[in-house]
Amino acid sequence: MVLVLVVLGLWAGFRAWTVAHELNVAADKAQVLRAALQRGDVAGARKALGEYQAAAGAARDHTHGPTWVVADHIPFLGDDARGVATVSTVLADIGDRALPPIMTAAGQVTGDAFQPKGHRFPLATIAAMQAPARRSAAAFDDAEKTLAGVDSSGFAAPIRDRFDSLRSLVDEAHSVLGSTYRAARMMPDLLGAHGPRNYILVMENNAELRSGGGLPGSLTLVRADHGVVHIVSQGDSAKQGLGATPILKVTPQERALFGSVLAISPVDATMTPDLPRSAELIRARWEHFHHQRIDGVFFVDPVAVSYLMEGLGEIQVPGYPALSWNTVVPAVENAIYRLTGNNAVQSAYQNAVAKAVFNTFADGHGDPVTAIRGLVRGVAEGRVKMHSFVPADQRQIAGTAIAGEFPTKATSHPQAGVYINDSTQSKMSYYLRYSADVAARSCGDGIQTAAGTATLTNDSPPDVRSLPDSVTGWADPSRGITKGQQYVVVYLTSPIGGTVSSLTIDGKTMAKPVLVPFAGREVATVGVHLDPGKTHSISWVMRSGIRQTGSWQLAVTPGSQPGTQSATVPSAC
């Protein structure tokens with residue numbers, strides 16, 4: 001009997017080692033596959049997929065034999081054995097059902113068939129991506145549900161960590177594929193497959209920050225008709241009619257927080273962090289003054305353009321020097337304002353850059369994989385957003401990153417925000433460096449408390465006071481603004497149903513912070529004067545609404561530097 005038990009133990013140990021080895025191989029090959037797809041190496045991805053399928057399939061087979069059935073009933077080890085068996089089955093199913101359609105789609109993206117040519121997008125090829133994206137999304141949906149039904153709390157620590165990591169990766173992949181499927185369904189309609197569509201492309205200049213990203217400067221009217229896209233006209237947002245009457249009615253809460261200027265000044269339409277509202281204001285103004293129907297508004301900033309240009313290569317701008325991915329941001333956000341204070345010249349240059357980049361992309365130049373990866377990065381950082389006024393299209397993007405919505409319905413995840421508006425009336429935000437973070441402190445009765453900090457620095461050059469007024473703005477003694485200084489207003493938004501309970505600036509507690517109700521939450525407004533080279537910090541404590549026990553989601557205005565301060569941080573519950 002002892003001999004039999006020893007042999008069985010050795011055999012079980014060998015099978016466990018074999019499963020662990022196969023799962024490690026599968027994990028390594030998954031990373032190789034992902035890297036190959038990101039660089040557009042479809043042949044390498046297919047090779048890695050075959051190796052992944054072999055390893056994951058072997059792990060699944062090893063966890064469904066008699067040995068594993070016995071292990072399943074061993075006290076203290078049974079739940080671990082079941083967890084490993086579930087993981088093996090899920091990974092094998094992903095390899096069999098979810099990943100092959102991705103290979104099909106990847107082959108289309110990396111080939112010439114997907115690229116536009118002469119401003120014509122291949123509608124049939126784009127539509128053909130719906131089926132593989134749907135199949136992959138459905139397979140990941142099944143995997144997500146299977147893993148969600150497993151309680152990993154009783155697993156041994158190493159197994160639990162790997163299991164929870166896999167669950168997070170599957171959730172992420174499911175979200176990405178869901179977005180891909182929606183995009184494949186929407187793109188033909190957006191490109192005018194069933195009739196012409198008119199869009200305004202807004203270039204947000206984050207050298208002068210607004211909550212939504214940057215001042216809406218260059219405006220380009222783009223028409224899409226049966227897959228053919230072209231520029232109809234261009235304009236300057238500042239010339240879209242500044243008057244005493246708001247272009248749309250301003251709500252009492254908007255007036256209290258931003259003032260009526262939100263709907264009066266065309267360059268202040270993005271003062272609100274609610275992108276659909278900004279889109280409404282820009283559309284209303286364009287339709288009022290140009291009498292052209294607008295079906296949607298796209299927002300993009302120069303940093304996102306630089307990401308796109310990594311795939312497009314050097315851009316020839318007629319009448320101006322050529323631009324590359326690493327020169328476009330300083331050119332349009334700083335150099336043109338150093339060169340001239342003439343608004344018409346500034347506007348003409350930025351329109352020329354927007355037109356050149358658009359035409360280069362629509363003509364099908366460059367590497368499509370790198371260009372698409374740049375656009376995806378721009379969306380993830382909140383630098384590429386859109387709103388459609390076609391209800392069916394808007395329903396497809398609602399709730400996704402590209403929609404740029406300011407949530408009005410609470411979820412289990414507390415949502416906090418750090419939004420920045422420049423009040424210097426300058427292009428000094430180009431020199432603004434800032435960071436923000438939040439950390440959950442405690443949880444009680446379904447309500448979380450979190451502490452956060454925002455640090456802002458005026459990183460202007462030593463000769464800032466000698467720069468032209470077109471960069472520094474005009475000194476305004478009545479508001480205490482001197483040349484070279486920045487004055488910004490920071491909006492700290494609590495979660496829906498939550499509160500801002502304390503606020504400090506540079507370590508000094510504000511006895512009576514200005515708190516304004518907005519969209520079901522409290523907003524603390526803080527004005528900060530930043531002398532050249534100086535840094536100030538704002539700290540706060542917030543409480544979430546009830547039953548908000550999930551991870552915290554922090555949204556931060558994207559600035560002139562690459563990257564994002566927006567983040568998801570662990571819950572205290």
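Modeller: Please bear in mind throughout that this is a predicted model.

Colleague: In what order do the six strands of the open sheet stand?

Modeller: The six strands form an open sheet with mixed pairing. Neighbouring strands in this sheet are turned against each other by 25 degrees on average, direction ignored. Read across the sheet, the order is β12-β13-β9-β6-β15-β16.

Colleague: Which strands stand at the edges of this sheet?

Modeller: An edge strand here has a single partner strand, so one side of it is left without a neighbour in the sheet. The strands in that position are β12 (514-518) and β16 (567-569).

Colleague: Which strand pairs with β9 over eight bridges?

Modeller: β9 has antiparallel pairings with β6 (residues 415-422), over six bridges, and with β13 (residues 521-530), over eight bridges.

Colleague: Are the residues on the two faces of β9 buried or exposed?

Modeller: In a regular strand the side chains alternate between the two faces of the sheet. One side of β9 carries Q486, V488, V490 and L492, while Y487, V489, Y491 and T493 lie on the other. On both faces, the residues are buried.

Colleague: Which residue caps the N-terminal end of helix α13?

Modeller: Helix α13 (residues 343-362) has 20 residues and reaches 28 Å from its first C-alpha to its last, close to the 28 Å expected at 1.5 Å a residue. Just after the helix, G364 takes a positive phi of about 85 degrees. At the N-terminal end, a side-chain oxygen lies 2.8 Å from the backbone nitrogen of A344, and the capping residue that supplies this oxygen is N342.

Colleague: At what angle do α11 and α13 pack?

Modeller: Helix α11 (residues 302-312) passes α13 in a left-handed crossing. The axes of the two helices are 11 Å apart, and their packing angle is about 40 degrees. That angle makes α11 oblique to α13. The value requested is thus about 40 degrees.

Conventions:
Residues numbered from 1 in each chain as written. Predicted model: local features only at pLDDT ≥ 70, side-chain atom pairs only at ≥ 80, totals over all residues. Heavy atoms only, no water. Buried < 20%, exposed > 50% of the residue type's maximum accessible area, 1.4 Å probe, protein only. Helix = DSSP H or I, 4+ residues; strand = E, 2+ residues; numbered from the N terminus. Pairing = 2+ DSSP bridges. Expected span 1.5 Å × (residues − 1). Polar contact = N/O pair within 3.5 Å; in protein donor to acceptor, adjacent residues only side chain to side chain. Axes fitted to C-alpha atoms, helices over the stretch in contact; angles between N-to-C directions. Parallel < 35°, antiparallel > 145°, perpendicular 65-115°, else oblique. Left-handed = near helix turned anticlockwise from the far one by under 90°.
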